[in-house]
Amino acid sequence: MTPLRFAALGLDHRHIYGMSQGMIDAGAELAAWWTEGDPQPVAGFTRRFPDVPRVTQLDQILNDPAIALVLIACPPDQRADLAIRAMRAGKDVMVDKPGCITLDELRRLQDTVARTGRIWSVNFSERFEVPAVTAATELVRAGAIGMVIHTTGLGPHRLNAHTRPDWFFDAARYGGILTDIASHQIDQFLHFTGQDDAEITLATVGNHANPAHPGFQDFGTLALRAGPAQGFIRVDWYTADALPTWGDGRLFICGTEGTIELRKYVDIAGRPGTDHLYLTNRDECRHIDCSGYPLPYFGNLLADIVNRTESACAQSRTFRVCELAIQAQMIAVAAGGSHPSGAGTAPE
């Protein structure tokens, strides 16, 4: 059977590495790549995929009927338009988060999906690329902690300011910290609570440590409510230099009969490696090494493209997560006043 062929468009964020490798591991073939200029992630991409040709014209990929899927990681303010163009050309799309940064972009994406029947999938990598989340999903679905009534998602990131392009510090281009990073945690809240929708009850953003970049937001919080479930999210760019990885991402899942904690990327001064899960319920209190668990998103997306199904992530869920993240950003900006770039900060 001929493998499904895909291409990478816009190598402006290093998430394109995991997106591409995930599809290759699922059995697809990376056929080509295109990007404008020579952004910093290109060097790492070509080291990882040295035999994949670069094309100089975007239309060479969009007009190739043998390429079924495109992966997009260009600057966030360009992702919606590029995805729309690709879907109109008959391609399914996986896009790095944030998949879009305004409600107008979201509406145009929804209209394009409805008109073309194409798949628009946002790679929420903090769920889709984390084996510990696969393990936690199995436990929650099996009733290991009862009904989930609260999640706490923490998303600290290392800034590495000297490696970042100019658009990274302009909220009008990257969408603001809640539109960007917090979309991961919103997705996980809906996923683990089993809810289809939520209400934003609190949202704040701020720039506390980067005065040289006034259009940047380095801290954000938000709270959600959905039926009997509630959630709290904190995201920031404060990962300290001594941490051996880019961020101590953590997820706490509180159920009526137990709790799960995920230390996704590091266990500080504890066990080596990644993907640590701590389960406490009526019967046990233990640590689970989840590093060997699979990442079903990529294989499911591959099957969805072939079968026109929605096993990787329901299209309505993807749209709603993006909408909630944008709404949270708007609430935070309104609470903190206007800013020339289109974003603001809450009172410090």
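A polar contact is a pair of N or O atoms within 3.5 Å; within protein, one must be able to donate a hydrogen and the other to accept it. In this predicted model, a polar atom of the H157 side chain lies 3.0 Å from the backbone oxygen of G155.

- Eight strands form an open sheet with mixed pairing, in the order β7-β8-β9-β6-β10-β11-β12-β13.
- The edges are β7 (199-206) and β13 (285-289). Each has a single partner strand, so one side of each lacks a neighbour in the sheet.
- From one strand to the next, the twist averages 10°.
- Strand β6 (residues 148-156) pairs with strand β10 (residues 250-255) in the antiparallel sense, over 6 bridges.
- H150 has C254 of β10 as its bridge partner.

**Helices on the sheet**
- Helix α7 (residues 131-141) lies across β6, β10, β11 (258-263), β12 (276-281) and β13. The helix runs at about 170° to β11.
- Helix α10 (residues 182-193) also packs on the sheet. It touches β6, β8 (219-226), β9 (229-236) and β10. The direction of α10 makes about 160° with that of β9.
- Of the 11 residues of α7, 9 are buried, so the helix is largely enclosed by the rest of the structure.
- Those buried residues are P131, A132, V133, T134, A135, A136, T137, L139 and V140.
- G143 follows α7 and has a positive phi, near 80°.

- H157 sits in the loop between β6 and α8 (171-174).
- Leaving aside residues up to four places away in sequence, H157 touches E126, I181, D236, W237, Y238, T239 and W246.

**Q217, between β7 and β8**
- Q217 is placed in the loop between β7 and β8.
- The Q217 side chain makes a polar contact with the side chain of Q329, at 3.0 Å.
- A polar atom of the Q217 side chain also lies 3.1 Å from the backbone nitrogen of I177.
- Q217 and A171 are 46 residues apart along the chain. Their C-alpha atoms are separated by 7.4 Å.

Technical notes: Residues are numbered from 1 along each chain as its sequence is written. This is a predicted model: local features need pLDDT of at least 70, side-chain atom pairs count only at pLDDT 80 or more; totals for chains, interfaces and linings use all residues. Side-chain values use heavy atoms; hydrogens and water are left out. Two strands pair if DSSP finds at least two bridges between them. Helices (H or I, at least four residues) and strands (E, at least two) are DSSP runs, numbered from the N terminus. Axes are lines fitted to C-alpha atoms, for helices over the stretch in contact, and angles run from 0 to 180 degrees between N-to-C directions. Contact means heavy atoms within 4.5 Å. Buried means under 20% relative accessible area, exposed over 50%, partly exposed in between (1.4 Å probe, protein chains only).
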